[in-house]
Amino acid sequence: MDRRQKKSRKAIFQAFATLLQTQRYEQITVQDIIDSADISRSTFYAHFETKDMLLKALCSDIFDHIFAGDLCEYHDHGPQLQARLAHILYHLQQQKQQVLGILSCEGSSLFMDYFKERLTALFSLYLADFSQDVPQDFLLNHLVGSFAEAVRWWAGRAMTDTPEKVAEAYMAMLP
């Protein structure tokens, strides 16, 4: 991607993120994004086929760092899985306005689907730490679903609890 394309993509992301802070996802139109980003319609469609594809790309940008292999140096979260979960929560909290905007609308199912894909890969790394008395796919589904719903619960409380507190509470609920 050349410099001009990167600049356009960045403008689209910034415009979309700004709109999510003031409007519900379903109310935002491609035209709103185009106007806010000060780009042409063809520029938008050169980058994204639909608003949903833009949401997926935004989620990927948010999740790429969050789910990277290394934890940020400045986070000290405790035991390994708990540390990873707190790390995820910290970064979701840093993107609070975008995440709350997405979770409060019809786009939340798309966000949660993308989020669960990433969580599945993460929890797969820790399956050996849990009970072997249940089918592994059942356990993985439980871990992913329950953490995703814990994040939705936390977002519903405007992310007022600390990431460490939420990660610790989640870990306390595990077998």
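How do the axes of α4 and α7 cross, and within what distance do they come? In this predicted model, in which local features need pLDDT of at least 70, side-chain atom pairs count only at pLDDT 80 or more, and totals for chains, interfaces and linings use all residues, the two axes come within 10 Å and cross at roughly 35°. Axes here are lines fitted to C-alpha atoms, for helices over the stretch in contact, and angles run from 0 to 180 degrees between N-to-C directions. Residues are numbered from 1 along each chain as its sequence is written, and side-chain values use heavy atoms, with hydrogens and water left out. Helices are DSSP runs (H or I, at least four residues) numbered from the N terminus.

α4 passes α7 in a right-handed crossing; the term applies if the near helix is turned clockwise from the far one by less than a right angle. On the α4 side, D52, L55, K56, C59, S60, F63 and D64 meet L110, F111, Y114, F115 and R118 of α7, where contact means heavy atoms within 4.5 Å. These residues divide into seven nonpolar, one polar and four charged. In this scheme Ala, Val, Leu, Ile, Met, Phe, Trp, Tyr, Cys and Pro count as nonpolar, Asp, Glu, Lys and Arg as charged, and the others, Gly among them, as polar.

F63, F111 and F115 also belong to the largest nonpolar core, which has 59 residues; together with I88, L92, F123 and F147 they touch the most other members. Such a core is a set of buried Ala, Val, Leu, Ile, Met, Phe, Trp, Tyr and Cys residues joined through side-chain atoms within 4.5 Å. The largest share of this core, 10 residues, comes from α8.

F115 is buried, with a relative accessible area of 0%, and F147 likewise counts as buried at 0%; buried means under 20% relative accessible area (1.4 Å probe, protein chains only). Leaving aside residues up to four places away in sequence, F115 touches F63, F67, I88, L92, F147, A148 and V151.

Aromatic rings of Phe, Tyr and Trp (its six-membered ring) pair if their centres lie within 6.5 Å; planes under 30 degrees apart count as stacked, over 60 as edge-to-face and the rest as tilted. The count comes to 13 aromatic pairs. The rings of F115 and F147 have centres 6.4 Å apart and planes at 35°, so this pair is tilted. Because F115 lies in helix α7 and F147 in helix α8, the pair ties together parts that are 32 residues apart in sequence. Ring pairs link F63, F67, F111, F115, F123, F147 and Y170 into a cluster.

Conventions
Buried < 20%, exposed > 50% of the residue type's maximum accessible area, 1.4 Å probe, protein only. Helix = DSSP H or I, 4+ residues; strand = E, 2+ residues; numbered from the N terminus.
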